[in-house]
Amino acid sequence: METKRRILVTGGCGFIGANFIRLLLAQKSDWRVINLDKLTYAGNLQNLEGVTESEQYRFVKADICDADVMEALFVEEQIDFVVHFAAESHVDRSISGPAAFIQTNIVGTFTLLEAARKSWLSGSWRGNDPRFLHVSTDEVFGSLGDTGMFTETTPFDPRSPYSASKASSDHLVNAYFHTYDLPILITNCSNNYGPYQFPEKLIPLVFHNSMTGKELPIYGDGKYVRDWLYVKDHCEAIVEVLVKGKIGQSYNIGGNNEKQNLEVVTLICDILDKKTGLPASGAPRRELITFVKDRLGHDRRYAIDASFIKEQLGWEPKVTFEEGIEKTVDWYLANQDWVGSVIDGTYQKYYEKMYG
Ligand code: NAD
Ligand code: DAU
């Protein structure tokens with residue numbers, strides 16, 4: 001079969017990237033998918049188990065900050081689509097150690113943009129309609145009060161080292177469009193949840209702790225609000241933007257599911273009590289909830305207005321929070337080996353077993 005597209009996915013062994021590659025390999029049988037990942041603590045080859053045997057797929061272990069590797073890969077594979085997920089993604093880690101965020105999220109994105117520019121804007125480029133889609137976050141817009149929503153024109157106001165590094169990368173991507181006409185697209189999305197999320201993030205952390213009788217740490221008063229987006233809905237939105245989006249445009253992607261953290265945590269506890277029975281202690285899992293010291297600079301509320309992408313591309317989220325959280329809990333219950341290996345770090349030995 002003729003290969004229609006040669007797509008580079010960065011960070012494809014992480015949470016959203018792995019869900020995205022699974023979707024691509026299922027839906028786009030005539031696309032060649034090159035997954036480039038450094039395999040940091042958050043990258044896990046097991047996230048792609050069962051799909052990587054496909055002839056459409058190639059894995060490259062590399063750092064997006066390595067300019068030589070990136071430039072050679074564009075030439076060797078004649079890449080024409082890029083979907084850039086690779087990043088340091090956890091806000092708490094950015095507070096305790098910001099350096100890696102500056103390096104990967106800013107310098108790494110710059111390195112990738114340079115590789116795309118050198119490949120696509122050179123006289124020897126033989127393809128057509130190349131596209132560089134940068135996956136970003138609603139956190140670039142800052143924090144909301146009780147009302148209002150982020151739109152595509154909300155000014156940037158990042159407040160953590162993580163969101164400041166993502167905002168910087170968004171600015172760089174836009175600059176390459178305005179300065180060099182590099183064909184870029186940007187997506188800014190809300191909090192994702194679903195299979196394969198690293199258990200440092202709220203939802204998988206609460207699943208793991210409540211299954212193992214550990215405290216469920218709630219930062220501050222627990223009334224912080226996030227807009228939850230089921231990861232498969234997000235991945236479908238990215239395909240729409242990649243294929244049909246207007247070059248140079250950014251698109252907000254949200255789940256229309258605003259919830260306070262305490263609501264989310266209580267709901268997971270109650271679902272687990274119902275599905276698995278009460279733990280040996282006999283106490284409902286919600287009793288594990290423990291209020292702890294707040295995150296520094298904690299953003300109060302995020303809310304995405306996703307009407308632009310609906311009007312322009314016809315995308316809207318399909319999965320309600322109630323359906324999505326049920327599916328997610330079922331997935332984690334059925335994949336407790338995955339959660340266990342991620343927690344104890346054995347997944348990091350998987351690469352050696354697979355690739356020597
Ligand atoms: P993740 O932390 O689960 O995965 C990140 C992946 O990037 C890992 O596989 C890691 O090994 C890889 N990586 C990190 N540094 C690298 C480097 N220097 N070179 C190559 N690979 C590297 O992240 P995620 O939650 O899947 O998020 C993916 C993207 O989506 C990020 O850009 C993040 O900012 C953005 N985003 C995430 C969410 C969310 O709720 N998770 C919401 C909005 C935006
Ligand atoms: O909004 C999009 C962002 O969502 C992404 O850009 C980030 O990559 C992603 O990590 C996520 O950031 P958050 O900081 O919102 O996600 P996290 O799961 O860390 O926290 C969700 C909320 O829960 C937040 O208000 C902090 C709170 N929290 C988190 C943890 C880990 C707790 O109360 N206790 C916890 O133990």
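The second largest pocket of this predicted model has a volume of about 150 Å³. A pocket here is an open set of points on a 1 Å grid over the protein atoms alone, with protein on both sides within 12 Å along at least five of seven lines, and a lining residue has an atom within 4 Å of a point. Grid points are joined across faces, edges and corners, and the volume is the space filled by probe spheres set on the points. The lining consists of Phe-141, Glu-152, Phe-156, Asp-170, His-171, Asn-174, Ile-186, Asn-188, Gly-248, Gln-249, Ser-250 and Asn-252. At least two of the lining residues come from each of H5, E6 and strand E10 (250-253), and H5 contributes the most, with 3 residues. Helices (H or I, at least four residues) and strands (E, at least two) are DSSP runs, numbered from the N terminus. By class, 3 residues of this lining are nonpolar, 7 polar and 2 charged. In this scheme Ala, Val, Leu, Ile, Met, Phe, Trp, Tyr, Cys and Pro are nonpolar, Asp, Glu, Lys and Arg are charged, and the others, Gly among them, are polar.

Residues are numbered from 1 along each chain as its sequence is written, while chains are lettered from A and ligands numbered from 1 in the order in which they are written. Because the model is predicted, local features need pLDDT of at least 70 and side-chain atom pairs count only at pLDDT 80 or more, whereas totals for chains, interfaces and linings use all residues; side-chain values use heavy atoms, with hydrogens and water left out.

Rolling a probe the size of a water molecule over the atoms shows where empty space is left. Where a 1.4 Å probe fits but cannot get out, the set of points is a cavity, and 2 cavities of 30 Å³ or more are found. The largest cavity holds about 60 Å³ of space. Around this largest cavity lie Val-91, Ile-95, Glu-139, Arg-159, Ser-160, Arg-226, Arg-295, Leu-296, Gly-297, His-298, Asp-299 and Tyr-302, a lining of 4 nonpolar, 3 polar and 5 charged residues. The second largest cavity has a volume of about 30 Å³ and is lined by His-84, Ala-86, Ala-87, Asn-105, Thr-109, His-134, Val-135, Lys-166 and Ser-169. Helix H4 (99-120), strand E5 (131-137) and helix H5 (161-180) each give two or more residues to this lining. Its classes are 3 nonpolar, 5 polar and 1 charged.

A pair of aromatic rings is described by the distance of the centres and the angle of the planes. Rings of Phe, Tyr and Trp (its six-membered ring) pair if their centres lie within 6.5 Å; planes under 30 degrees apart are stacked, over 60 edge-to-face, and the rest tilted. The count comes to 19 aromatic pairs. One of them joins Trp-31 and Phe-81, whose centres are 5.5 Å apart with planes at 75°, so the pair is edge-to-face. This pair links distant parts of the chain, 50 residues apart, with Trp-31 in strand E2 (residues 31-37) and Phe-81 in strand E4 (residues 81-84). Trp-31 is buried at 7% relative accessibility, and Phe-81 is buried at 3%. Buried means under 20% relative accessible area, exposed over 50%, and partly exposed in between (1.4 Å probe, protein chains only). Tyr-332 and Trp-338 also form an edge-to-face pair, with centres 6.2 Å apart and planes at 65°. Tyr-332 is buried at 2%, as is Trp-338 at 8%.

Tyr-196 lies in the loop between strand E7 (191-193) and helix H6 (202-211) and is buried, with a relative accessible area of 12%. Asp-181, likewise not a glycine, has a positive phi of about 65°. Asp-181 sits in the loop between H5 and strand E6 (184-189) and is exposed, at 60% relative accessibility.
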